[in-house]
Amino acid sequence: MEQKQLDYYLKNSSEEHGREYLECMKEIFRKRGETLYTQVWDAYEQEKETIEDSFDKALGLGTEKALERMGQGGKGPVRYLHFSYLLSNALTDEMLVKADYYDRRHFSDLEEIDCYWDYGLLFPRYVEERERLELFLMEQVAGLTAVERQRFRIYYQVCNFMELEAVIKRLMEREQARERLSPCMDGELSVYFGAYLDQAERIALLSAVHE
């Protein structure tokens, strides 16, 4: 086989593999999305007291750290709270949300606060379901690479975070949550959700898969 023919074959083979991979993931996440909302809120209602208590404790620890930085003069009162998921979690099967406490400078406030909340109770079958779906993907699409499997895990967790955002909003509406934050606040608090900048493109790609 001449080199031009080999190059053409490999190119078309790669394109076909990519299409199969994306189409299979699209179908997996479509089916999962049909029941994920109900699963998450059922878990919330079943473990409501424990979930709310753990969330409030996480906010309280963040407030303590913010007050410490404020006392050192490097941080002003908190005006912005940014919840985001961690890319590393998708590869380690951890379920942590990071909360960043910013003063009026917002992203220009470089005094980082390491505050994490474990939301594992909302996804009690996280690992079991992820392994099952990943195995299905491997059965449907031959020759998956390690990178493609990692990409699947990242998308899987992005879907979780999309549902998790609504839960966090519900938790933040509670008076108890505001009470935990009030010592480091001085006025209104704006709450944001999303991911770190290196993950923005992945979220955009996932949105395209769902279209």
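Author: A nonpolar core is a set of buried Ala, Val, Leu, Ile, Met, Phe, Trp, Tyr and Cys residues joined through side-chain atoms within 4.5 Å; buried denotes under 20% relative accessible area, exposed over 50%, and partly exposed in between (1.4 Å probe, protein chains only). The model is predicted: local features need pLDDT of at least 70, side-chain atom pairs count only at pLDDT 80 or more, and totals for chains, interfaces and linings use all residues. Residues are numbered from 1 along each chain as its sequence is written, and side-chain values use heavy atoms, with hydrogens and water left out.

Reader: How many residues does the largest nonpolar core have, and which of them have the most contacts inside it?

Author: That core has 50 residues, and Tyr 101, Trp 117, Leu 122 and Met 172 have the most contacts inside it. Its largest share, twelve residues, comes from α5; helices (H or I, at least four residues) and strands (E, at least two) are DSSP runs, numbered from the N terminus.

Reader: Which residues is Met 172 in contact with, leaving aside neighbours within four places in sequence?

Author: Contact means heavy atoms within 4.5 Å. With those neighbours left aside, the partners of Met 172 include Phe 55, Leu 59, Leu 81 and Phe 83.

Reader: Is Asn 160 buried or exposed?

Author: Asn 160, found in helix α5 (residues 146–172), counts as buried because its relative accessibility is 0%.

Reader: Where is Ser 182 placed?

Author: Ser 182 is in the loop between α6 and β4 (185–195). Its relative accessibility is 40%, so Ser 182 counts as partly exposed. The C-alpha atoms of Ser 182 and Val 78 are separated by 9.1 Å, although the two residues are 104 residues apart along the chain.
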